[in-house]
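Visitor: Hi, could you walk me through this structure?
Guide: Happy to, let's bring it up.

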Amino acid sequence: MTTLEIECPVCAEVLELTDADRAELHVGDVIVCDSCNAEMEVTRSGEGEDFELELLGVLTTCPNCGEEFDVTEDMLAAAGTVQSHDGVEVSVVTCPHCRARIELEFEEAE
Ligand SMILES: [Zn+2]
Ligand SMILES: [Zn+2]
């Protein structure tokens, strides 16, 4: 039994996929990171290390209205970054439901 280790592109958490997990995964399936709720679509699933994911977005709950929405890479690219009070750079995205501005902080992926 081999286990494939995949690093989450958002938070760098290592996700372990066993052969049994792999057998149930097909191209187009979505994996969710336990740690940061990033959603990744399986774009390749072959033998052994032949496995690829594409980041879809990060499921985020708006602290203002409580609605969930996906933060995508496009949104992050369009979002401004600001320096928070402790000097960490955060991205500011707008909730699609209530238009609240939400600060997001991602740990740097290695
Ligand atoms: Zn993650
Ligand atoms: Zn909201």
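**Strands, core and domains**

Guide: β3 and β4 run antiparallel and are joined by 3 bridges; strands here are DSSP runs (E, at least two residues; helices are H or I, at least four), numbered from the N terminus. This is a predicted model, where local features need pLDDT of at least 70, side-chain atom pairs count only at pLDDT 80 or more, and totals for chains, interfaces and linings use all residues. Residues are numbered from 1 along each chain as its sequence is written, while chains are lettered from A and ligands numbered from 1 in the order in which they are written.

Visitor: Which residue is the bridge partner of Val32 in β4?
Guide: That is Glu39.

Visitor: And what sheet do these strands belong to?
Guide: An open sheet of 4 strands, in the order β3-β4-β5-β6, with antiparallel pairing. Two strands pair if DSSP finds at least two bridges between them. β3 and β6 (68–71) are the edge strands, each pairing on one side only.

Visitor: Changing topic, which residues make up the largest nonpolar core?
Guide: There are 9: Cys8, Val10, Cys33, Ala38, Met40, Leu53, Val58, Val71 and Val93. A nonpolar core is a set of buried Ala, Val, Leu, Ile, Met, Phe, Trp, Tyr and Cys residues joined through C-beta atoms within 7 Å. Buried means 20 or more other C-beta atoms within 10 Å of a residue's own, exposed means 12 or fewer, and partly exposed is in between, with C-beta atoms placed from the backbone.

Visitor: Which strands supply at least two residues of this core each?
Guide: β4 (38–45) and β5 (51–61). The core also draws at least three residues from each of domain 1 (3–56) and domain 2 (58–104), with bounds from an automatic or database domain assignment.

Visitor: How many residues are in contact between the domains?
Guide: 7 residues of domain 1 are in contact with 5 of domain 2; contact means C-beta atoms, placed from the backbone, within 7 Å. On the domain 1 side, β4 and β5 each supply at least two of the touching residues.

Visitor: Which loop holds Asn37, and what about its phi?
Guide: Asn37 is in the loop between β3 (30–32) and β4. Its phi is positive, about 70 degrees, although Asn37 is not a glycine. Most residues other than glycine have a negative phi.

Visitor: Is Asn37 exposed, partly exposed or buried?
Guide: Partly exposed, because Asn37 has 18 other C-beta atoms within 10 Å. Arg99 also has a positive phi of about 70 degrees, but Arg99 is exposed, with 10 such atoms within 10 Å.

Technical notes:
Contact = placed C-beta atoms within 7 Å.
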